[in-house]
Every structure is written in C-alpha cells, then in structure tokens.
Amino acid sequence: MGLLALTKQRLQTMRNCEFESLMKDVSSFCDKHDIMIPKMDALYFPGKSKHLHFQELNRRFDAVSTDLLQGMASLNPVNSFGNIDKNGLMRLAEYYPNEFDSSKLRDLSCQLDSFIVNARGVDKRFFGMKGISGLAKVLVKSNLHQTWPLVYLLIKLTLILHVATASVERAFSSMNYIKNELCNNIGDEFLNNYLICYVKRKIFSSISNDVIIHRFQHMKSNRAQL
C-alpha cells in the first residue's frame, strides 16, 4: 500500500509537471525508430478517455481504503509485529465512531502503548504467530483481551471487515442482476424482499411449497385461496 500511494503521487506529479518533458522523450523515441506518434486526445475505449484510468485507481484505492488496509496490515504479527504502526491503528479506529468515541480513542492510545511493548518481545506467547486470527486466539486464551479490551475490539473489527465488504459487494451484484433495464421500475420494498430471496436462495430452496402456501393462507383472512 505504501508503494501504491507512492505510485499515485508520482503519476499525479507527472500529470501536473512532467507531462511535456515526457511527451518530448516519447516523440524523440518515435522519430528515431519510425514509430507513429500516438494521439494523446484519442480514446482508449469507446466513451472513455485516458484520464479515467487514474480516476479509477483513485476510486479503488482512495484515502479510506488505504488507511483501512494499512491499519489491517499493521496488526500482522509476523516478524514480531515488524509492521505495527500505532498512528495507522488509531486512524483505523477513527473509522468506527460508534465503537470508538473521543474518550475510547484516548484509552485505546494508552492500551496500544502497552500492547506494542508486550507483543514485541516481553511476552513469549506472541512469538511465532502467522496471522491476525492467531493473535485474537492468543489474547483470548491468555485473558489479555480483558486487559486490553479496546485493542481486542479493533482486532475483531479487522477480522470481520473483509467479510462485511464481500457481503456488501455480493448484495450490489445481486441488485444489478435483479434491477435491470427490463425491471427498472421495481419499488424499494419489493426490491428489498426480492433481494432477500435471491441472496438467501439456498435457504429458501430448502423450504417446501406447502409451507409457503400455508404461511400465505394464514397471513390475512382476505387472501385468495390457492
């Protein structure tokens, strides 16, 4: 992520200050080897300009995504927590205002100081771990999750982040599949019910039609008989 941030910064610098000199080098190279000089105003794809590639990079790896990924990587216990960064962990906690208000952020800062010193060499129980899940298990087995409850909460949030993100992406993918051009007038309530049935289709496939009919018949007295 650090190299990615550096690449984005270099690309932005090239766009702002170094583009003309780059074009001179490109033109000189093309003239030397009898290569047609590319037209920089041409479109790479129909309806898309060359600037969209950098915008897409910024969209996929914005400041929030970068902070989240760097904070998660900072908790990796490999090499005696060689990548741990307290500032990065504090930024990660700030993205969870419901769990970490201003007072809890101050407490988390103090707990991280003790946790980092203890994990980096004082406590041998932290040696040889290979993942964040192993770190969570060690904290629970040693009851250190009660000593540093806010650090343990941050670790739990880190562990479920990728699961929650994948669930949201699957929901949006399902929504795009259901609410297509032919079904673009679906209301929010109907779409929500439809999505539940689609996303949880494995559960619904195990329910027999007789159970569904029985449930439908007993919802209201004015329902038609099936």
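I will begin with the overall picture, then turn to the helices, the salt bridges, the loops and the surface.

Please keep in mind that this is a predicted model, in which local features need pLDDT of at least 70 and side-chain atom pairs count only at pLDDT 80 or more, whereas totals for chains, interfaces and linings use all residues. Residues are numbered from 1 along each chain as its sequence is written, and side-chain values use heavy atoms, with hydrogens and water left out.

What kinds of elements does the protein contain, helices or strands? There are 12 helices and zero strands, where a helix is a DSSP run of H or I with at least four residues, a strand is a run of E with at least two, and the numbering starts from the N terminus. Of the 226 residues, 25% are buried; by buried I mean under 20% relative accessible area, by exposed over 50%, and by partly exposed anything in between, with a 1.4 Å probe and protein chains only. If we take the contacts between residues at least 6 apart in sequence, 51% of them join residues at least 24 apart, a contact being heavy atoms within 4.5 Å. The accessible surface comes to about 16,500 Å², and 56% of that belongs to carbon and sulfur atoms; such areas come from the Shrake-Rupley method with a 1.4 Å probe, and for residues only the protein chains shown count as cover.

Let us now look at helix α1, which covers residues 2–32. It has 31 residues, yet its end C-alpha atoms are only 37 Å apart, short of the 45 Å that a straight helix would reach at 1.5 Å a residue, where the expected span is 1.5 Å times one less than the number of residues. Where does α1 bend? The bend is at glutamate 18 and comes to about 85°, taken as the angle between axes fitted to the seven residues ending there and the seven starting there. Within α1, the residues Lys8, Met23 and Cys30 are buried.

In one of them, glutamate 18 pairs with arginine 10, and their closest N and O atoms are 3.7 Å apart. Arginine 10 is partly exposed, at 40% relative accessibility, and glutamate 18 is partly exposed as well, at 29%. Another salt bridge joins the side chains of lysine 86 and aspartate 113, at 2.8 Å from N to O. Because lysine 86 lies in helix α5 (residues 86–94) and aspartate 113 in helix α6 (residues 102–122), this pair ties together parts that are 27 residues apart in sequence.

For a buried example, consider serine 74, which has its place in helix α3 (residues 63–74) and has a relative accessibility of 3%. Leaving aside neighbours within four places in sequence, serine 74 is in contact with Asn83, Ile84, Asp85 and Leu89. The C-alpha atoms of serine 74 and leucine 89 are separated by 7.1 Å, although these residues are 15 apart along the chain.

Aspartate 34, in the loop between α1 and α2 (51–60), has a phi near 55°, which is a positive value in a residue other than glycine, and aspartate 34 is exposed, at 74% relative accessibility. Asparagine 143, found in the loop between α7 (132–141) and α8 (144–147), has a positive phi near 60° and is partly exposed, with a relative accessible area of 44%.

Finally, which residues form a nonpolar patch on the surface? They are Ile196, Ile203, Phe204, Ile207, Val211 and Ile212, with about 510 Å² of accessible area together. The elements giving two or more residues to this patch are α11 (201–205) and α12 (209–217). Patches are made of residues with over 30% relative accessible area and no salt bridge, with like charges joined within 9 Å and nonpolar side chains (Val, Leu, Ile, Met, Phe, Trp, Tyr) within 5 Å. Isoleucine 207 sits in the loop between α11 and α12 and is partly exposed, at 33% relative accessible area.

Conventions:
Salt bridge = Lys/Arg side-chain N within 4 Å of Asp/Glu carboxyl O.
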